[in-house]
Amino acid sequence: MRIIEQARAPNPRRVRIFLAEKGIQVPFQQIDLTQLQHRTEDYRRINPAAQVPVLLLDDGTAISESVAICRYFEELQPEPALFGAGAVGRAQVEMWNRRIEHGVYAHILGCFRHTHKAMAALESPQVPAWGEVCRSRAAEALKPIDRELRDSQFIAGSALTVADITLLVAVDFMKPARIDRPAGLSGLDRWYAEVSARPSAAA
Ligand SMILES: N[C@@H](CCC(=O)N[C@@H](CS)C(=O)NCC(=O)O)C(=O)O
């Protein structure tokens, strides 16, 4: 088993943090996205979307999509339960993870991909005006997240879950995307300080 990734990229980091929280070690194989090593025919046979990360099992099965990879490891090792516990708990984790992926993270990635010169080769055409729309939507989207985190230790309740991991990676990726974190988000700031201090955040 191995995970194909690029260490600097945000989606592979979601999987690395997840594995660190579980205490699971998996070998990693690095590929270079700037050299378009993920757009070869061989790589597209593994992942037709031409993206990282991909989990390659020993029998040749390839699992792409960060959340699908995380779910695989949750099945192998259920504790700690990072996808929630019980019908309501699991649904709430799914709800928050999707809200964050589609409502926050996607805007941050959109801003980065459409405004950063390092993305010119991968995101063609780059549409800077769309990147600027994403920049303001990302900042706005953090406000309801902040409100939730004023009352809740983690985004989906009292335990860290995959939804917190998605949010941490999204918030950290605001830096390369050059999106300012709005001032006065005390719930988000408190949560960020706590989650960033966990050893897994360095993964
Ligand atoms: N939904 C996918 C997204 C994966 C993704 O977008 N990966 C980026 C790196 S963070 C990538 O491989 N980009 C390659 C490209 O844009 O050509 C997941 O969660 O794994």
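Reader: How many salt bridges does the structure hold?
Author: Since the model is predicted, side-chain atom pairs count only at pLDDT 80 or more. A pair qualifies when a side-chain nitrogen of Lys or Arg is within 4 Å of a carboxyl oxygen of Asp or Glu. On this basis the number of salt bridges in the structure is 13.

Reader: Are R13 and D172 buried or partly exposed?
Author: The limit for a buried residue is under 20% relative accessible area. R13 has a relative accessible area of 15%, so R13 is buried. D172 stands at 22% relative accessibility, and therefore D172 counts as partly exposed.

Reader: Where in the chain are the two residues of the salt bridge between R198 and E21?
Author: The closest N and O atoms of R198 and E21 are 2.9 Å apart. At 27% relative accessibility R198 counts as partly exposed, whereas E21, at 16%, counts as buried. The two residues are 177 residues apart and link distant parts of the chain, with R198 in the segment after helix 8 (186–196) and E21 in helix 1.

Reader: Which residues line the largest cavity?
Author: A search of the whole structure finds one cavity of 30 Å³ or more, and the largest cavity has a volume of about 40 Å³. Helix 1 (10–22) and helix 6 (162–172) each supply at least two residues of its lining. By class, the lining has six nonpolar, one polar and one charged residues. The residues that line the largest cavity are I17, E21, L160, I165, L168, V195, S200 and A201.

Reader: Which helix gives the most to the lining of the largest pocket?
Author: The largest pocket has a volume of about 990 Å³. Of the 39 residues that line this pocket, the closest to its centre are P10, N11, V52, L109 and R113. Helix 1, helix 3 (66–76) and helix 4 each supply at least two residues of the lining. With ten residues, the helix that gives the most is helix 4.

Reader: How many nonpolar residues does the lining of the largest pocket have?
Author: The lining of the largest pocket also includes other classes, with eleven polar and nine charged residues. The number of nonpolar residues in this lining is 19.

Reader: How far apart in space are A170 and I100?
Author: A170 lies in helix 6, and A170 is buried, with a relative accessible area of 0%. In sequence, A170 and I100 are 70 residues apart. In space, taken from C-alpha to C-alpha, the distance between them is 8.3 Å.

Reader: How far apart in space are S124 and P199?
Author: S124 is found in the loop between helix 4 and helix 5. S124 has a relative accessible area of 62%, so this residue is exposed. S124 and P199 are 75 residues apart in sequence, while their C-alpha to C-alpha distance in space is 36 Å.

Reader: Which residues form a nonpolar patch on the surface together with V127?
Author: V127 lies in the loop between helix 4 (86–115) and helix 5 (128–151). Residues of a patch need over 30% relative accessible area, and V127, which is partly exposed, has 38%. The patch has about 230 Å² of accessible area together, and the residues that form it with V127 are W130 and V133.

Key:
Residues numbered from 1 in each chain as written. Heavy atoms only, no water. Patch = residues over 30% accessible without salt bridge, like charges linked within 9 Å, V, L, I, M, F, W, Y side chains within 5 Å. Areas by Shrake-Rupley, 256 points an atom, 1.4 Å probe, with all protein chains shown as cover. Helix = DSSP H or I, 4+ residues; strand = E, 2+ residues; numbered from the N terminus. Buried < 20%, exposed > 50% of the residue type's maximum accessible area, 1.4 Å probe, protein only. 1 Å grid on protein atoms, 1.4 Å probe; cavity = no way out; pocket = protein on both sides within 12 Å on 5 of 7 lines; lining within 4 Å. Points joined across faces, edges and corners; volume = space filled by probe spheres on them. Nonpolar A, V, L, I, M, F, W, Y, C, P; charged D, E, K, R; others polar.
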